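User: I would like to learn how to read a protein model. Please take me through it one feature at a time.

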Amino acid sequence: MVGLECKPEMISPNMPNKFPKLSTKIHISIPPAVSFHPVTNRSPVAASDSACSAYEQYLRLPELSKLWNSRQFSGWENESILKPALHALEITFRLVSTVLSDPRPYVNQREWKRRLESLASSQVEFIAILCEEDEDNSETRGNKPIADLSSSTGVLARDGSSAEVWKISGDAVVVNRTCEASLLPRLTTWQKSEGIAQKILYSIESEFRRCRYTLGLGEPNLTGKPNLEYDAVCRPNELHALKRSPYDLDNHENQTLYTTHQIMESWIHTAQQLIKRTVSRIESKKFDQASSDCYLLERIWKLLEEIQDLHLLMDPDDFLKLKSQLAIKSVNETEAFCFRSRGLVEITKACKELKHKVPDILGVEVDLKGGPRIQEAAMRLYSDKRDANKIHLLQALQGIEAALKRFFFAYKQVLVVVMGSLEAKGNRVFTSSDSRDSLSQIFLEPTYYPSLDAAKTFLGEFWGGRFCRE
């Protein structure tokens with residue numbers, strides 16, 4: 001049943017009696033076959049083991065993985081998802097420091113500041129949504145480490161890595177805590193980074209307004225909310241112990257590239273954990289929660305696209321020099337550079353595999369004869385509107401597909417701009433209409449959800465024909 005969902009299904013010319021409102025005389029135009037090479041729904045394949053291992057060693061991923069996978073708070077289900085997300089945010093603070101410390105006079109620091117402000121704000125927004133939904137769900141709330149500021153009765157203590165300052169809220173005395181291990185409070189004291197750091201702090205204050213607690217990174221915390229024990233969860237000191245690339249090269253872009261990809265891999269790991277939870281929730285029929293997870297996955301793909309765009313700000317000459325120093329080259333014409341990330345390949349496959357959950361969501365089985373059973377069930381769901389949670393989930397799944405394909409399309413364009421079209425295609429002419437390369441296969445392949453696509457096409461033709469007759 002699972003393996004057949006991806007096959008295209010024919011639209012039955014005779015609608016069953018269950019659909020008296022749908023006309024049997026609807027004519028649907030089928031687009032002509034594309035002239036170039038056929039594109040199929042094939043999952044990407046990771047690069048060679050040697051290329052993937054070299055990539056992982058360059059980014060020190062084995063050491064980062066230990067931090068991502070460490071569990072310190074029993075009973076807190078969201079720790080596996082929130083921790084790598086906080087790591088990505090903390091590494092972004094390090095990237096701010098790296099870029100603003102760059103002594104090269106030709107670096108476009110103005111645009112770097114704007115991009116990093118935007119990236120940090122997007123990450124804060126994601127983390128705030130994750131924390132907010134965690135609080136709303138009693139199953140995932142768990143035993144997260146929260147410091148209740150109102151319980152200190154105004155006693156200023158110096159314990160752990162938190163600095164506490166007085167804060168008055170009405171007649172009550174509140175102690176506001178600021179994490180000391182994070183780089184963000186330090187960035188507020190440096191003239192070059194003060195502006196961007198303050199903007200990030202105000203972003204935290206704004207995005208966490210609906211959450212019961214806040215991060216405690218120095219944001220105003222005007223309502224005196226409890227603080228997450230950021231140091232205990234994120235462990236910034238251990239994270240920043242991995243700040244240096246294992247290759248000491250005479251090239252300032254080395255540290256920028258290294259840090260950028262550590263941010264990307266942290267979000268990829270977050271996506272891996274989120275996909276596991278999504279599948280579990282779908283199988284448990286918790287469609288409302290599953291749809292929220294799917295929309296978070298869509299946001300992660302957009303975050304990855306925003307991160308990869310940072311390559312456009314790197315100096316062309318210095319970056320291409322670094323590429324030669326690191327001996328980065330395309331092994332063959334179908335191997336894209338991004339497929340050296342095993343994690344990226346894994347989440348791409350896992351997101352595509354979510355299509356097999358559609359029959360379970362709709363409560364039907366795949367017709368082994370190729371009939372439109374799933375399509376008809378989707379049409380009933382869309383037209384009846386009796387189960388909004390299922391509709392939201394199906395829409396979110398297709399949103400993931402759109403974001404995934406946009407990421408790989410955008411990645412191909414970035415690759416051309418940064419390295420040149422010839423190198424981007426493994427020294428083969430890029431302007432060819434050939435679509436056999438691995439990246440084109442992903443964003444040109446047919447929809448992952450042919451039954452949902454057919455259902456919407458049929459309903460669109462039905463309503464179009466009805467209004468034309470009127």
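User: What is the mean pLDDT of the protein chain, and what share of its residues reach 70 or more?

Analyst: This is a predicted model, and pLDDT is the predictor's confidence in each residue. The mean for the protein chain is 84, with 79% of residues at 70 or more. Residues 152-161 have a pLDDT below 50, and that stretch makes 20 contacts beyond near neighbours in sequence in the model. Residues 429-433 are also below 50, with 6 such contacts.

User: How many helices and strands does the protein chain have?

Analyst: There are 19 helices and 4 strands in the protein chain. The chain has 470 residues, and 53% of them count as buried. Of the contacts between residues at least 6 apart in sequence, 75% join residues at least 24 apart.

User: How do I read a pair of helices, and at what angle do the axes of H13 and H16 cross?

Analyst: Two packed helices are described by the angle between their axes and the distance between the axes. Here, helix H13 (residues 342-353) and helix H16 (residues 388-419) have axes that come within 10 Å and cross at roughly 145°. The crossing of H13 past H16 is left-handed.

User: Which residues of H13 and H16 meet?

Analyst: From H13 come Leu344, Thr348 and Cys351; from H16 come Ile400, Leu404, Phe407 and Phe408. By class, this contact has 6 nonpolar residues, 1 polar and no charged ones.

User: Where does Pro316 lie, and is it buried or exposed?

Analyst: Pro316 is in helix H12, which covers residues 316-325. Its relative accessibility is 54%, so Pro316 counts as exposed.

User: What is the phi of Asn221, and what is the phi of Lys385?

Analyst: Start with the general idea: most residues other than glycine have a negative phi. Asn221 is not a glycine, yet its phi is positive, about 50°. Lys385 is another residue other than glycine with a positive phi, near 60°.

User: Where is Asn221, where is Lys385, and why does Asn221 count as buried?

Analyst: Asn221 sits in the loop between helix H7 (194-207) and strand S4 (227-228). Asn221 counts as buried because its relative accessibility is 2%, and the cut-off for buried is under 20%. Lys385 is in the loop between helix H15 (373-384) and H16. With 60% relative accessibility, Lys385 counts as exposed.

Note on methods: Residues are numbered from 1 along each chain as its sequence is written. This is a predicted model: local features need pLDDT of at least 70, side-chain atom pairs count only at pLDDT 80 or more; totals for chains, interfaces and linings use all residues. Side-chain values use heavy atoms; hydrogens and water are left out. pLDDT is the predictor's confidence in each residue, from 0 to 100. Contact means heavy atoms within 4.5 Å. Helices (H or I, at least four residues) and strands (E, at least two) are DSSP runs, numbered from the N terminus. Buried means under 20% relative accessible area, exposed over 50%, partly exposed in between (1.4 Å probe, protein chains only). Axes are lines fitted to C-alpha atoms, for helices over the stretch in contact, and angles run from 0 to 180 degrees between N-to-C directions. A crossing is left-handed if the near helix is turned anticlockwise from the far one by less than a right angle, and right-handed if clockwise. Ala, Val, Leu, Ile, Met, Phe, Trp, Tyr, Cys and Pro count as nonpolar, Asp, Glu, Lys and Arg as charged, and the others, Gly among them, as polar.
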